[in-house]
Amino acid sequence: MSLPKRWRELSRTTVGSVPERYGVYELGDADGEVLSVEWGVLRDELKDALAYADAERVRWEACESERHAQELAAEHRERAGL
């Protein structure tokens, strides 16, 4: 199961629009295939992904707390078989 959000291009503009909150995010390839499911402070994490990850797309969901982000990421990884 993937996040119920639309894919966005992993770009500086997109990263600049991401909230500075804990959340879970998916990185994907050009075809929308999920490459990884991660969690953390969204803007910081996606800055790193933009610089180092081999992904073209991203989608995210902001969470209420660090713990909520961890739990949601674990749930999505399990359902996605990652």
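Let me start with Ser36, which is found in strand E3; helices (H or I, at least four residues) and strands (E, at least two) are DSSP runs here, numbered from the N terminus. Please keep in mind that this is a predicted model, in which local features need pLDDT of at least 70 and side-chain atom pairs count only at pLDDT 80 or more, while totals for chains, interfaces and linings use all residues. Residues are numbered from 1 along each chain as its sequence is written, and side-chain values use heavy atoms, with hydrogens and water left out.

Is Ser36 buried or exposed? Ser36 has a relative accessible area of 18% and therefore counts as buried, where buried means under 20% relative accessible area, exposed over 50%, and partly exposed in between, using a 1.4 Å probe and protein chains only. Leaving aside neighbours within four places in sequence, Ser36 is in contact (heavy atoms within 4.5 Å) with Tyr25, Glu26, Leu27 and Leu82.

Turning to the sheet, 4 strands make up an open, antiparallel arrangement in the order E1-E4-E2-E3. Strand E1 (8-9) and E3 stand at the edges with a single partner strand each, so one side of each is left without a neighbour in the sheet. E3 pairs with E2 in the antiparallel sense over 7 bridges, and two strands are said to pair if DSSP finds at least two bridges between them. Within that pairing, Gly28 has Val34 in E3 as its bridge partner, while Glu26 stands opposite Val37 in E3.

E2 also pairs with E4, again in the antiparallel sense, over 6 bridges, and there Glu26 stands opposite Arg59 in E4. Why is E2 described as largely enclosed by the rest of the structure? The reason given is burial, because 6 of the 7 residues of E2 are buried.

E2 and E3 form a hairpin with 5 residues between them, and Gly32 in the turn has a positive phi of about 85 degrees. Asp31 lies in this loop, between strand E2 (22-28) and strand E3 (34-41), and Asp31 counts as exposed because its relative accessibility is 74%.

Now the helices. Helix H3 (residues 66-80) lies across E2, E3 and E4, and runs at about 170 degrees to E3; the axes are lines fitted to C-alpha atoms, for helices over the stretch in contact, and angles run from 0 to 180 degrees between N-to-C directions.

For H2, which residues are buried? They are Leu42, Leu46 and Ala49. Seen down the axis of H2, these buried residues fall within an arc of 55 degrees, so they line one face of the helix, the arc being that of the directions from the helix axis to the C-beta atoms. Ala51 and Tyr52, on the other side of H2, are exposed. What covers the buried residues of H2 includes helix H1 (12-17), together with E2, E3 and E4.

I will finish with one side-chain detail: Arg59 lies over the face of Trp7, at 3.9 Å from the ring centre, where a charge sits over a ring if NZ of Lys or CZ of Arg is within 6 Å of the ring centre and within 35 degrees of the ring normal.
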